[in-house]
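Subject: Structure for you to look at, with notes

Dear colleague,

I am handing over the structure below, and my notes on what was found in it follow. Please read them with the model open beside you.

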Amino acid sequence: MATRVCGLISGRLLAVAAVVLVMLMVPEVSATKWTVGGNKFWNTNVNYTIWAEGKQFYNGDWLYFVYDRNQNNVLEVNKTDYESCNADHPLHNWTRGAGRDVVPLNETRNYYIISGKGFCYGGMKLAVHVRNPPPPPTSSPVKDKSGSPSPYSSLRSQYVLPAVLIIGAVWDAFVHLW
């Protein structure tokens, strides 16, 4: 019986420790869903150049187009066709028929999107520059009173927090056993 209980505890302990370590090692990832045109969506009489101004589009983000599927579509074209509103040779037709389409921004480059049903001439076109996301912020090392970095600052962040979490999991496992 005691061997079985110890085996059960060590199994639970290993599982909890593995979950905690994996959670600590997974980098923070965030992508932004941009609803094109904001609350005006993908429609005529919207200046998409102004809408895109000041926004940072990153690799991994995506553009969400909401529109009347009977009147508009979402076509990706090259720069020349974007400037001339030529929808004859799209690079990609993102239109899926429901009027709720997504363009994944999964490459670092310029994307040129137009409505191919004549509304491009009225300004229904969007150009975005997609860049790689900035690196995550780095924390500055903990300094002691002498002003030099503490040799224990990285040790603390790498081992102390996971150790505290594992000890808490072990404690919890023992409390629930008795």
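Two residues are said to be in contact when heavy atoms of theirs lie within 4.5 Å. This is a predicted model, in which local features need pLDDT of at least 70 and side-chain atom pairs count only at pLDDT 80 or more, whereas totals for chains, interfaces and linings use all residues. Residues are numbered from 1 along each chain as its sequence is written, and side-chain values use heavy atoms, with hydrogens and water left out.

I start with I114, which is placed in strand β7; helices (H or I, at least four residues) and strands (E, at least two) are DSSP runs, numbered from the N terminus. Setting aside neighbours within four places in sequence, I114 has contacts with W42, N73, V74, L75, V77, Y82, C85, N86, A87, C120, M124 and K125. I114 is buried, at a relative accessible area of 0%, where buried means under 20% relative accessible area, exposed over 50%, and partly exposed in between (1.4 Å probe, protein chains only). The C-alpha atom of I114 is separated by 9.5 Å from that of N72, although the two residues are 42 apart along the chain. In β8, the bridge partner of I114 is K125, and the strands β7 and β8 are joined in the antiparallel sense by five bridges; strands are taken as paired if DSSP finds at least two bridges between them.

Two of the contacts of I114, C85 and C120, are joined to each other by a disulfide with an S to S distance of 2.1 Å, the criterion being a pair of cysteine sulfur atoms within 2.5 Å. This link connects distant parts of the chain, with C85 in the loop between α3 (79-84) and β5 (92-93) and C120 in the loop between β7 and β8, 35 residues apart. The angle about the S-S bond is -70°, and the link is left-handed. Both cysteines, C85 and C120, are buried, and a search of the whole structure finds one disulfide.

For the protein as a whole, there are four helices and eight strands, and from the N terminus the elements follow the order α-β-α-β-β-β-α-β-β-β-β-α. Of its 178 residues, 27% count as buried. When contacts between residues at least 6 apart in sequence are considered, 66% of them join residues at least 24 apart.

Turning to the other strand pairings, an open sheet of three strands has the order β1-β3-β6 and mixed pairing. Strands β1 (33-35) and β6 stand at its edges with a single partner strand each, so one side of each is left without a neighbour in the sheet. Within this sheet, strand β3 (residues 62-66) runs antiparallel to β6 and is joined to it by five bridges, and F65 stands opposite D101 in β6. Elsewhere, strand β2 (residues 57-58) and strand β8 (residues 125-131) pair in the parallel sense over two bridges, with Y58 standing opposite R131 in β8.

Side chains of opposite charge can pair when their charged atoms come close. With a salt bridge taken as a side-chain nitrogen of Lys or Arg within 4 Å of a carboxyl oxygen of Asp or Glu, the count comes to two. One of them joins the side chains of R109 and E76, at 2.9 Å from N to O. R109 lies in the loop between β6 (100-104) and β7 (110-114) and E76 in strand β4 (residues 75-76), so this pair ties together parts that are 33 residues apart in sequence. E76 is buried at 4% relative accessibility, whereas R109 is partly exposed with a relative accessible area of 27%. A salt bridge also joins E107 and R109, at 3.4 Å from N to O, and E107 is partly exposed at 43% relative accessibility. Together, E76, E107 and R109 are linked in a network of salt bridges.
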